[in-house]
Amino acid sequence: MKSRLSRVAASVVLGSALAVGASSVKAATPEYGGELRVVVGSKIPSYDAHIESTFGMIHPIRPFYSLLIRINPDNPSSPTDFVCDLCVGDVPAATDGGKKYTFKIRKGVTFQDGTPLTAADVKATFDKIAFPPEGVASNRKAYFKMIDSIEAPDDETVVFNLKFASGTFLPSVAMPFNFVYAKKDLDEKGYSWHQTNINGTGPFHFVEHVQGSHVSGKKNPNYYHDGKPYLDGFRAISAPKMSVRLQAIRGGQADIEFRGFPPKARDDLVKALGDDITVQESDWNCVLLVTPNHKVKPFDDPKVRQALSLAIDRQGGSKYLSQIAIVKTVGGIGFPGHPISSSPEYLEQNIIGYGKDVKANREMAKKLLKEAGHENLKFTLHNRGVDQPYKVVGTWLIDQWKRIGLDVDQWVQPSTPFYATLRKKKDFDVSIDFNCQAVVNPIADISKFLPSGGANYADFEDQQLEDIYNELLQTGDEAKQRELFAAYEKRVLNDLASQFITLWWYKINPYRSYVQGWKIAPSHYLNQSLENIWIDQAEYKAQLGN
Amino acid sequence: MYSYIVKRLLILLPTLIGAAILVFLLLRLVPGDVCLLRFGGEGSYADPEQIRQCQERLGLHLPIYVQFFDYMIGFFTFDLGVSMWTSQPVTEEIAIRFGLSLQVAIMATVVSIVIALPLGVISAAKQNTGVDYVVRAFSIAGIAMPSFWLGILIILGLLISTQAWFGRPWMPPIDYVPVWQDPMYNLSQLIWPALATGYRYSAVATRMTRSAMLEVLREDYVRTARAKGLLEKVIVNKHALKNAMLPVVTIIGIEFAFLMGGLVVTEQVFNLNGLGKLFVESVTQSDYTLTQALVMLVVAIFVLVNFMVDLMYAWLDPRIRYN
């Protein structure tokens with residue numbers, strides 16, 4: 001048993017070392033057939049991805065739909081590798097000074113009801129997302145502020161005309177929520193029809209949804225990516241409790257869970273099943289933030305906020321918390337490892353609270369508090385009543401602040417009142433907040449820290465930050481983007497300390513080793529079409545015996 | 001008898017109205033609403049326009065008294081509305097889960113009766129013997145162990161024992177298939193929660209059966225029966241048991257009502273798509289309409305079960321008259 005464990009552990013380490021990489025050791029020829037059983041830890045509010053934001057909808061429903069472009073399913077760990085899904089060839093380069101994108105649409109694609117897909121369907125979809133009519137909801141229209149107009153001059157061409165060149169356009173188009181709908185459905189059945197009905201062009205056809213139980217799909221025989229999907233079908237089983245999802249994989253009632261488990265759950269599965277479990281791990285495009293309420297004294301004082309950030313030992317936290325919680329990576333405001341984001345070395349030298357001399361950081365924190373007249377500050381940390389990673393990180397933060405003489409209580413609320421406090425009532429001192437995104441799109445993602453960004457729960461204003469961001473948003477040049485990004489980051493984390501970063505999340509996916517072909521992405525929303533997944537039938541029989 | 005039934009049915013109405021008012025007010029004491037959670041629960045950006053549209057669509061922007069008025073109109077016209085989370089009719093959401101919860105409740109009640117009656121009777125008949133002590137220890141253990149905890153132990157036990165015996169761990173299925181579609185699959189999922197909860201409730205019923213039997217066995221007519229030379233088996237089964245059933249039936253009835261809506265944690269442990277799990281989800285999602293409907297359903301089940309238990313009294317004890 002010991003040698004089996006060490007082999008699996010080695011594959012985990014290898015997966016991590018490859019930065020995301022596939023720890024799947026087999027590289028055999030894909031086999032056809034079988035049904036994938038996925039456990040999903042959240043409930044489906046509606047089927048309309050244009051208005052929803054939960055993985056509880058993405059995991060069971062995404063396989064029924066296509067996107068115009070998407071992250072490369074063969075290389076999903078790359079935050080910059082986008083490929084065509086419904087378009088043909090490579091993702092088009094911008095023309096007209098970065099203000100025009102022309103997509104050629106595939107021929108021969110049909111919706112589940114048999115309707116052929118044309119460019120008009122793509123145009124109607126993005127019109128609904130970017131320019132929803134009065135009274136029609138669209139959760140991500142803010143991502144498409146750069147679009148001036150969308151045209152479909154013929155059945156095979158879609159043209160996006162932008163108001164300005166923007167580095168956020170392609171990642172925004174590749175978001176997994178941009179399901180392409182049939183224009184006919186939107187015109188004839190209305191804009192809310194997709195909330196309760198499914199008609200897509202994806203690798204699977206919708207079969208049934210039993211509320212609270214499962215969603216099932218069967219192979220789309222007319223799927224346009226040759227030879228795919230490999231599976232005959234899938235069954236997404238609703239299982240809100242993490243322990244149930246974990247035991248279901250262990251007990252042979254499920255094959256995989258795509259959101260991720262904490263380290264202890266991974267270790268338990270590996271210990272129980274050894275080689276029957278494959279583990280893939282990756283940095284995760286989610287981060288926990290600390291949000292001081294700038295309207296509450298003394299958190300209106302930047303020195304106090306800077307002191308709070310300086311007290312946090314991020315490297316130490318990463319080392320120990322990563323053993324018990326789904327956090328690990330030390331990073332700035334941008335997804336770690338993205339070309340535009342700051343490197344660890346840069347952060348260490350330029351951003352407060354990232355230097356490795358923790359003692360010096362904390363001395364500086366105490367000095368700042370003394371200057372601000374709040375050496376013995378007492379306050380309450382507002383937190384969300386979810387263990388992973390909120391309560392774990394919250395408890396750790398309190399310990400970190402205690403080390404500079406602060407007296408901090410924790411106020412934990414269930415999700416609904418937590419959001420009401422953070423976003424509506426705003427009657428907190430300092431709160432845990434988070435930034436969790438799908439496609440890695442740093443320029444769009446950091447709008448979280450913008451006073452006018454719609455998520456300004458710290459309740460502050462800063463024109464300099466707005467100006468930097470506006471310039472960044474309208475810059476196509478990558479070098480200039482990096483320069484502005486660094487300036488924005490310094491303004492947020494150093495000058496204002498308006499909010500600050502704790503640790504980035506870390507995604508751990510242990511699953512049955514007969515599941516092949518799936519590659520982990522830096523988000524639980526990505527690479528969920530299931531078309532690359534196949535079942536190793538011999539291994540399946542060996543493990544489950546049927 | 002008929003006037004009694006009418007009176008009881010009339011009492012049902014103010015009970016339901018009282019429960020409706022209480023649940024309406026309690027739910028709204030919690031800050032936040034379903035729209036804030038649904039459109040900002042993940043990610044970080046919550047489009048204020050979308051949240052506003054959602055609140056208007058669901059009537060959450062209206063003053064509380066207007067919402068209450070609308071709710072009461074719906075209540076009296078049997079229009080329970082749609083789930084605020086899924087937009088599906090509340091009746092549909094409940095109907096999907098009702099069959100599973102009913103089946104588990106019936107199976108657990110059967111388990112409870114099958115365990116409780118013989119053990120309770122034996123324990124009373126063999127009072128203060130080794131058998132009695134064993135039965136009492138067994139029933140006290142059942143009361144002490146929450147059924148969800150027993151459920152967790154059952155699952156872990158199955159995982160460990162099947163791996164040890166068959167080389168691969170097994171646990172009960174986690175998705176529901178109706179009994180008429182695949183009886184074996186259905187039973188392999190539901191027998192375990194039925195055992196876990198049935199044992200818990202059998203413990204209470206066992207102790208009640210024992211004490212009721214002890215009381216009845218000391219009655220004069222039992223002494224008379226013994227003096228007549230009747231066999232102890234006949235005395236216990238024919239003369240004592242039926243008369244001892246009044247409090248036992250009450251307990252079993254209340255337990256059945258609890259099982260219909262009260263398996264909140266056990267359903268989560270076994271991932272049963274029943275009313276208890278739905279109740280937890282609706283509360284955590286601030287789904288007012290669904291929570292209100294579920295509470296009303298549970299209240300109605302309790303009232304109806306109590307009513308039926310009262311009617312059974314007359315059958316068990318012919319001296320009881322409802323005049």
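Q: How many residues does the contact take from chain A and from chain B?
A: It takes 50 residues from chain A and 43 residues from chain B. Two residues are in contact if their C-beta atoms, placed from the backbone, lie within 7 Å. This is a predicted model: local features need pLDDT of at least 70, side-chain atom pairs count only at pLDDT 80 or more, and totals for chains, interfaces and linings use all residues. Residues are numbered from 1 along each chain as its sequence is written, while chains are lettered from A and ligands numbered from 1 in the order in which they are written.

Q: Switching to chain B. How many helices and strands?
A: Chain B has 13 helices and zero strands. Of its 323 residues, 41% count as buried. Buried means 20 or more other C-beta atoms within 10 Å of the residue's own; exposed means 12 or fewer, and partly exposed is in between, with C-beta atoms placed from the backbone.

Q: At what angle do α5 and α6 of chain B cross?
A: Roughly 140 degrees, and the axes of α5 (residues 90-125) and α6 (residues 130-144) of chain B come within 8 Å. Axes are lines fitted to C-alpha atoms, for helices over the stretch in contact, and angles run from 0 to 180 degrees between N-to-C directions. That makes α5(B) oblique to α6(B). Under 35 degrees is roughly parallel, over 145 roughly antiparallel, 65 to 115 roughly perpendicular, and the rest oblique.

Q: Which residues of α5(B) and α6(B) make the contact?
A: B:L119, B:I122 and B:S123 come from α5(B), and B:V131, B:D132, B:V135 and B:R136 from α6(B). By class, this contact has four nonpolar, one polar and two charged residues.

Q: How far apart are the axes of α6(B) and α8 of chain B?
A: They are 7 Å apart, and the helices pack at about 130 degrees. That makes α6(B) oblique to α8(B). B:V135 of α6(B) is one of the residues in this contact, and B:Y199 of α8(B) is another.

Q: Back to chain A. What is its mean pLDDT?
A: It is 92, and 95% of its residues reach 70 or more. pLDDT is the predictor's confidence in each residue, from 0 to 100. Over residues 1-25 of chain A, pLDDT stays under 50.

Q: Which peptide bond is cis at A:P229?
A: The one from A:K228 to A:P229, with omega near 0 degrees. A:P229 lies in the loop between β8 (214-219) and β9 (233-238) of chain A. The bond from A:Q388 to A:P389 is cis too, with omega near -10 degrees.

Q: Last one: is A:A497 buried or exposed?
A: A:A497 counts as buried because it has 26 C-beta neighbours inside 10 Å. Its phi is positive, about 45 degrees, although it is not a glycine.

Conventions. Helices (H or I, at least four residues) and strands (E, at least two) are DSSP runs, numbered from the N terminus. Ala, Val, Leu, Ile, Met, Phe, Trp, Tyr, Cys and Pro count as nonpolar, Asp, Glu, Lys and Arg as charged, and the others, Gly among them, as polar.
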